[in-house]
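Dear colleague,

Please find below the structure that I am handing over to you. A short account of the findings follows it.

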Amino acid sequence: MTAPRIVVDLENGVAPWRQVRDQLVRLISGGVLPVGSRLPTIRQLAADLGLAIGTVARAYRELETEGVLMTGRRQGTVVAALPSHAPDPLSAAAAEFVAVARSLGASEGEALNAVRASYEAE
Amino acid sequence: MLYDALWAAGVGLVLLLALWPTRSTGKRLLKSWRVKDPTSAQIEDAIRYLKRRRFLYPWIFVGLTFVPLGSGRGVGSFAAIVLGGTLLAELIATQLHREGSQRVATLTPRGLFDIASQYVLMSYAAIVVIGVVLLVVEMKIGQLPALVVSVGAVALVTWAAVARPADGDEQVDRALRTRSVHVSAGLGAALVGALVGGGFGLFCVLAWVAMANTNYVSKKIFW
């Protein structure tokens, strides 16, 4: 089983904290991170992404304010609830696929070809 | 002193050449740490991990000649060198920065007990406590500072193995973090045994071998 991932592109014009926040929302909405899932600490995620701690902290803080995440002393940060105005699961899955395809360096055309090939293989 | 340093450098270089990791070394390492059928990229990650540590051995060999009582202790001296290499490599790894505009991270939490076996850590703690008691009872108080330094080194390796940024393949990264913690705890146990000596020293060498080969982690890892 592959662990869920976050992909941040520093040159795509969207603030990194926003990219982290939006991807977390998609993963939670799509059921990849169900309620109760533990998330990495801010320090861990910031180190792994090579971002400032404050950047990841902002994404987490936004989601805590919305009630999506909850941070406790013993359990760390966990998914507390589904985001309101959640995108439909198919859109969330598509967004997740796009993030992974980008991390692999695939172009839009290559990603679409891979999707078609998967349909044809079934 | 200079002669000792040159001799140590020579021994360190010979050790480095003998232990220089190859593809088969990397593959064997990964298999022994539960990475079944490692890919070529995974093997490269393992080789890089070993090279970063073993390249430091000659320097630590030389450095130990300048430390009073640092050399000539058999198992203890060897364990100190390997632990030193592990410690420096882990600390250097905490300072490595991500390059490129596209950054990827997995959302798997990485706490101490997510990567290390609680049995290994508890065994090491018990060996340290028993070692302190034996040193005090046998009036070998002069050995206590060395024991404290070794405990500090193991603690630092453990912290760095948890805190350092992810590097390379996720499964390999996790396995090698576990290895760093378990091997350093084993080396720490061997050092305690070398300081105490006698039958306890032999027991600690056996504990070292057992800890360094424990690839079991108590909590489920997500992959």
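Against which helices of chain B do the buried residues of H3(B) pack? They pack against helix H1 (2–19), helix H2 (23–32), helix H4 (57–65), helix H5 (75–94) and helix H9 (170–196) of chain B. Here helices (H or I, at least four residues) and strands (E, at least two) are DSSP runs, numbered from the N terminus. A residue is buried if 20 or more other C-beta atoms lie within 10 Å of its own, exposed if 12 or fewer, and partly exposed in between, with C-beta atoms placed from the backbone. Two residues are in contact if their C-beta atoms, placed in that way, lie within 7 Å.

Please note that this is a predicted model, in which local features need pLDDT of at least 70 and side-chain atom pairs count only at pLDDT 80 or more, while totals for chains, interfaces and linings use all residues. Residues are numbered from 1 along each chain as its sequence is written, and chains are lettered from A and ligands numbered from 1 in the order in which they are written.

Helix H3 (residues 40–54) of chain B reaches 21 Å from its first C-alpha to its last, close to the 21 Å expected at 1.5 Å a residue (1.5 Å times one less than its number of residues). Its buried residues include Ile43(B), Ala46(B) and Tyr49(B). Seen down the axis of H3(B), the buried residues fall within an arc of 160 degrees, so they line one face of the helix; the arc is that of the directions from the helix axis to the C-beta atoms. The face turned away from the buried side carries the exposed residues Ser40(B) and Ala41(B).

Elsewhere in chain B, Thr214(B) lies in the segment after helix H10 (198–212). Thr214(B) counts as buried because it has 20 C-beta neighbours inside 10 Å. Leaving aside residues up to four places away in sequence, Thr214(B) touches Ser117(B), Val120(B) and His182(B).

Chain A has 5 helices and 3 strands, in the order β-α-α-α-β-β-α-α along the sequence. Of its 122 residues, 32% count as buried.

The contact between the chains takes 18 residues from chain B and 24 residues from chain A. Strand S1 (residues 102–106) of chain B gives the most to the side of chain B that touches chain A, with 5 residues. Strand S1 (residues 5–9) of chain A pairs with S1(B) in the antiparallel sense over 5 bridges (strands pair if DSSP finds at least two bridges between them). Within this pairing, Ile6(A) stands opposite Ala105(B).

Yours sincerely
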